[in-house]
Amino acid sequence: MDGRPLLWRRWAGRYETARHPRVVLAVVAVVMYLPALFLPLMVDDYRALRQFREYRAGKIAKLDLYAFAREPEQIRSERDAGYFPWWVSEDLRFRYFRPVSEASLYLDYLAFGDRPIGYRIDSIAWYVAGVWLALAFFRRLGSERLARWAALMYAVAGCHVIPVVFASARCDLISIVFVLASMVLLADFVRGGGAGRLVASLVAFLISLGAKEASVAVCVMPGLLYWALRERATDAVSLKRRVAGSLAAFVLIGAAFLAFAAAMKSGSNAQIMLDPLRATGDYLARAPERIVLMLSAWALQFNPMLFCQRVRFYGFMHAFAAMGLVVILVALAAIWRNRRDRSLLVMTVWSLMFLPILACTPPEDRVIGLPSIGLAYLSAYWLTSRVDGRLRWLPAWLYVAIPFVYVATTFFFLFAFERKEERQLRAAISSFGREVRPTDWVFFVNAPQLLDVLWTQDRLDAMTGGRKLNVAVLHDAGAAEIEAVGARKLAVRSTGESFLSSFGGLVGRSRTAPARMGQPVSIKEYGVELTRVENGEIKEMLIEFAQPLTSDGYRFLELDSLGDARVISPIEFAPGANHIHPKK
């Protein structure tokens, strides 16, 4: 950081010469994520706790933590129970084979129950292990100085916040640990041989596949490591033989896993997801921008997932992608100018090779955990590339300093959003003015934010210690026009954005079940019929309830973005009233 404060240069020099850099990295990671110990459970974690309880009680045969939507009967059952909103299609498929991650979380449940701190301590331990293995892997590719800075950038990267904080997202941490363990062992095998190293590397690769399917991309790494390390080899013939054997073994395992995943029907047909095999045209049209957005999340230190929440934010998403593309092209040009350093090209390929798979999911910084290993190496190369040995100030700010602010800000908003959901649900409980009953229902008449529609019933059950009250979200839009058209019916009309066009709406709709007029959906307490659909966009619907709108067992609540919930009297739905909710 030429010309910057002396304190920084002293700290950087001490880190570069520290006798135990792993201790420094561990301290940085632990201090950075200490606030996570005090955060509540979040989103999918509530659903996971329900699965744990039912599995331990023998009510379900499999955990299915990552198999949210498996078959029509299961979807109907969870929809009737209130766990899924009414718009989740019966033909929706959302299932992934991740037994290693499931086992890790279930062991935590047996040890810690529903106490978040235990899960977070375990996740931080996994994270520190990943940071140490990243340092070991970087050392096998580049200089000690470059490896240390790459490991530090990886340790503080903001894209790891969600996997550390969300227990259910630990699959990313575990896959990274075993991918890196596999690569360290593989690099040692490629350089020096040893059948034990190869076997251990293959076993680690298999475990990583059981943690998250994106790990399959590393099956090509033996070839890349050969290209990076061949100039250091003393016996070229033996080196080629080792690489050929290891490459064949890795590719065979990868191909077998893909065949197994296809037979298991692993993947998703949700509208928000991409499918390169069953919807190739859609994948080819949308995946490139998603890949650019994921790389931009690292380059510009911003989570593009924020742009995916509502259609009205898509313009900002496209602009962000355009800015990111410029930065990416400049970075690629710089890498090409330094192409004589083979490790640089290998880690460029590493940064890119996972993205065709990861592009099947919405663009989010959380999913670039595996690519971030290569991106940290490239960023550290930029940081340390001055010929006079000084550090460049811009990458230091972008990838060492700013991530601390990024992580702290993410902690703040995660805590605020979860507390917002709790305030809304407490307002729902208190709205009855009496002891709530299992037959009571609360209906949210709008959903300003994504968390308003995700696992709301599970969150409420966790708060009340069981099913003491039912909650349902009528639609996914932030506002709507609602009018009573009978004693038990509400006509709901869009006021701008179409219904089920937000992230929360698209994630529950399958590509094979487009919205159609008159398409009825019956839930235990109410039914929904689409009454106006234009070019596939839902504009109006009719909701019929089992009881009159004025029933003492019903409460209608209007939400705002800050967590306040206002009880709506059915009178406000009467003809002639202001039917826009929330009120302006």
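**Reading the labels in a predicted model**

Trp455 is buried, with a relative accessible area of 8%. The model is predicted.

Q: Why is Asn535 called exposed?
A: Exposed means over 50% relative accessible area. Asn535 has 83%, so it counts as exposed. Asn535 lies in the loop between strand 9 (526–534) and strand 10 (537–545). Its phi is positive too, about 55°, although Asn535 is not a glycine.

Q: What makes Val23 partly exposed?
A: Its relative accessible area is 48%. Buried needs under 20% and exposed needs over 50%; partly exposed is in between. Val23 belongs to helix 2 (residues 21–33).

Q: How far apart are the C-alpha atoms of Val23 and Arg286?
A: They are separated by 43 Å. Along the chain, the two residues are 263 residues apart.

Q: Why is helix 10 called roughly parallel to helix 12?
A: The axes of helix 10 (residues 195–211) and helix 12 (residues 236–263) cross at roughly 20°. Angles under 35 degrees count as roughly parallel, so helix 10 is roughly parallel to helix 12. The axes come within 11 Å. The crossing is right-handed.

Q: Which residues meet where helix 10 and helix 12 touch?
A: From helix 10, they include Leu198, Leu202 and Phe205. From helix 12, they include Ala249, Phe250 and Ile253. By class, the contact has 9 nonpolar, 3 polar and no charged residues.

Q: What makes Phe137 stand out in the largest nonpolar core?
A: This core has 192 residues. Phe137, Met221 and Trp350 touch the most other members. The largest share of the core, 11 residues, comes from helix 9 (residues 170–192).

Q: Which residues does Phe137 contact, leaving aside neighbours within four places in sequence?
A: Among them are Leu180, Met183 and Val184. Met221 and Trp350 are also in contact with Phe137.

Q: How many residues are in the second, separate core?
A: It has 6 residues. Ile174, Val177, Phe178 and Ala204 are included.

Conventions. Residues numbered from 1 in each chain as written. Predicted model: local features only at pLDDT ≥ 70, side-chain atom pairs only at ≥ 80, totals over all residues. Heavy atoms only, no water. Axes fitted to C-alpha atoms, helices over the stretch in contact; angles between N-to-C directions. Helix = DSSP H or I, 4+ residues; strand = E, 2+ residues; numbered from the N terminus. Parallel < 35°, antiparallel > 145°, perpendicular 65-115°, else oblique. Left-handed = near helix turned anticlockwise from the far one by under 90°. Contact = heavy atoms within 4.5 Å. Nonpolar A, V, L, I, M, F, W, Y, C, P; charged D, E, K, R; others polar. Core = buried A, V, L, I, M, F, W, Y, C linked by side-chain atoms within 4.5 Å. Buried < 20%, exposed > 50% of the residue type's maximum accessible area, 1.4 Å probe, protein only.
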